[in-house]
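Let's take a tour of a protein model, one neighbourhood at a time. Keep the picture open as you read.

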Amino acid sequence: MWFFRALGWLLLFASIAVLVDDSITALQTGSFRLVAAGELWYRLDTGSLNLLQSVIQRYISVWAWDTIFVPVLLAPALVVLFVPAAILLLLTRKRKRQRIF
(Lines give C-alpha, C1' and ligand atoms only; values in the text may rest on other atoms or scores of the structure.)
Protein backbone atom coordinates (compact mmCIF):
# COMPACT_ATOMS: atom_id res chain seq x y z
CA MET A 1 0.00 0.00 0.00
CA TRP A 2 2.78 2.44 0.88
CA PHE A 3 4.51 1.66 -2.44
CA PHE A 4 1.50 2.72 -4.51
CA ARG A 5 1.06 5.85 -2.40
CA ALA A 6 4.73 6.76 -2.92
CA LEU A 7 4.39 6.06 -6.64
CA GLY A 8 1.35 8.33 -6.74
CA TRP A 9 3.29 11.16 -5.10
CA LEU A 10 6.23 10.60 -7.45
CA LEU A 11 3.95 10.80 -10.50
CA LEU A 12 2.29 13.92 -9.09
CA PHE A 13 5.64 15.66 -8.62
CA ALA A 14 6.68 14.59 -12.12
CA SER A 15 3.50 16.08 -13.57
CA ILE A 16 4.14 19.34 -11.72
CA ALA A 17 7.70 19.37 -13.09
CA VAL A 18 6.36 18.89 -16.62
CA LEU A 19 3.89 21.74 -16.10
CA VAL A 20 6.68 24.02 -14.87
CA ASP A 21 8.86 23.06 -17.86
CA ASP A 22 5.98 23.75 -20.26
CA SER A 23 5.37 27.11 -18.59
CA ILE A 24 9.02 28.13 -18.81
CA THR A 25 9.10 27.13 -22.47
CA ALA A 26 5.94 29.17 -23.05
CA LEU A 27 7.55 32.23 -21.49
CA GLN A 28 10.60 31.82 -23.71
CA THR A 29 8.76 31.19 -26.97
CA GLY A 30 5.61 33.23 -26.42
CA SER A 31 3.18 30.37 -27.07
CA PHE A 32 1.97 27.70 -24.67
CA ARG A 33 2.20 24.09 -25.85
CA LEU A 34 1.89 20.95 -23.77
CA VAL A 35 4.66 18.48 -24.50
CA ALA A 36 3.50 15.03 -25.62
CA ALA A 37 4.36 12.01 -23.49
CA GLY A 38 6.26 10.37 -26.34
CA GLU A 39 8.27 13.53 -26.97
CA LEU A 40 9.20 13.76 -23.29
CA TRP A 41 10.18 10.09 -23.21
CA TYR A 42 12.23 10.58 -26.39
CA ARG A 43 14.07 13.49 -24.76
CA LEU A 44 14.80 11.49 -21.62
CA ASP A 45 15.82 8.13 -23.12
CA THR A 46 15.53 7.42 -26.83
CA GLY A 47 16.82 3.87 -26.61
CA SER A 48 14.20 2.60 -24.19
CA LEU A 49 11.36 4.07 -26.27
CA ASN A 50 12.66 2.36 -29.40
CA LEU A 51 13.17 -0.88 -27.46
CA LEU A 52 9.61 -0.77 -26.13
CA GLN A 53 8.23 -0.24 -29.62
CA SER A 54 10.17 -3.12 -31.11
CA VAL A 55 9.28 -5.50 -28.26
CA ILE A 56 5.57 -4.61 -28.41
CA GLN A 57 5.40 -4.90 -32.17
CA ARG A 58 7.44 -8.09 -32.42
CA TYR A 59 6.27 -10.13 -29.44
CA ILE A 60 2.82 -8.79 -28.61
CA SER A 61 1.08 -7.17 -31.57
CA VAL A 62 1.41 -4.36 -34.06
CA TRP A 63 -2.25 -3.65 -33.35
CA ALA A 64 -1.51 -3.12 -29.64
CA TRP A 65 1.23 -0.61 -30.45
CA ASP A 66 -0.92 1.33 -32.90
CA THR A 67 -4.16 1.42 -30.92
CA ILE A 68 -3.01 1.49 -27.29
CA PHE A 69 0.51 2.87 -27.00
CA VAL A 70 0.60 5.48 -29.77
CA PRO A 71 -2.44 7.45 -28.48
CA VAL A 72 -0.94 7.47 -24.98
CA LEU A 73 2.40 8.68 -26.34
CA LEU A 74 0.64 11.43 -28.32
CA ALA A 75 -1.33 12.63 -25.28
CA PRO A 76 0.06 15.50 -23.18
CA ALA A 77 2.64 14.27 -20.68
CA LEU A 78 0.96 16.33 -17.97
CA VAL A 79 -2.24 14.29 -18.34
CA VAL A 80 -0.44 10.95 -18.72
CA LEU A 81 1.39 11.55 -15.44
CA PHE A 82 -1.37 13.31 -13.48
CA VAL A 83 -4.26 10.88 -14.07
CA PRO A 84 -2.51 7.77 -12.65
CA ALA A 85 -1.13 9.90 -9.81
CA ALA A 86 -4.61 11.10 -8.86
CA ILE A 87 -6.04 7.59 -9.08
CA LEU A 88 -3.27 6.08 -6.95
CA LEU A 89 -3.49 8.83 -4.34
CA LEU A 90 -7.27 8.54 -4.11
CA LEU A 91 -7.20 4.76 -3.81
CA THR A 92 -4.49 4.75 -1.14
CA ARG A 93 -5.62 7.72 0.94
CA LYS A 94 -5.84 7.32 4.68
CA ARG A 95 -9.43 7.30 5.79
CA LYS A 96 -10.51 8.71 9.10
CA ARG A 97 -12.06 6.19 11.42
CA GLN A 98 -15.45 7.12 12.76
CA ARG A 99 -16.00 6.78 16.46
CA ILE A 100 -19.42 5.57 17.41
CA PHE A 101 -19.08 6.28 21.15
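## Starting at Val18

Look for Val18: it touches Val35, Leu40, Ala77, Leu78 and Leu81, leaving out residues up to four places away in sequence. Here, a contact means heavy atoms within 4.5 Å.

A quick note before going on: this is a predicted model, where local features need pLDDT of at least 70, side-chain atom pairs count only at pLDDT 80 or more, and totals for chains, interfaces and linings use all residues. Residues are numbered from 1 along each chain as its sequence is written, and side-chain values use heavy atoms, with hydrogens and water left out.

Val18 belongs to the largest nonpolar core, which has 11 residues, including Leu11, Leu12, Ala37 and Leu89. A nonpolar core is a set of buried Ala, Val, Leu, Ile, Met, Phe, Trp, Tyr and Cys residues joined through side-chain atoms within 4.5 Å. Buried means under 20% relative accessible area, exposed means over 50%, and partly exposed is in between (1.4 Å probe, protein chains only).

Helices H1 (2-29), H2 (37-44) and H5 (77-91) each supply at least two residues of this core, and H5 gives the largest share, with 5 residues. Helices here are DSSP runs (H or I, at least four residues), numbered from the N terminus. There's also a second, separate core of 5 residues, with Leu49, Ala64, Trp65 and Leu73 among them.

## H3 meets H4

How do H3 and H4 run relative to each other? The axes of H3 (residues 46-60) and H4 (residues 62-74) come within 7 Å and cross at roughly 150 degrees; axes are lines fitted to C-alpha atoms over the stretch in contact, and angles run from 0 to 180 degrees between N-to-C directions. So the two helices, H3 and H4, are roughly antiparallel, a label for angles over 145 degrees.

In this contact, residues of H3 including Leu49, Gln53 and Ile60 meet residues of H4 including Val62, Trp65 and Phe69.

## Aromatic rings

The structure holds 4 aromatic pairs. Rings of Phe, Tyr and Trp (its six-membered ring) pair if their centres lie within 6.5 Å; planes under 30 degrees apart count as stacked, over 60 as edge-to-face and the rest as tilted. Trp2 and Phe3 are edge-to-face, at 6.4 Å centre to centre and 90 degrees between the planes.

Trp65 and Phe69 are stacked, because their centres are 5.7 Å apart and their planes are at 15 degrees. Trp65 is buried, at 6% relative accessible area, while Phe69 is partly exposed, at 28%.

Definitions and conventions. Parallel < 35°, antiparallel > 145°, perpendicular 65-115°, else oblique.
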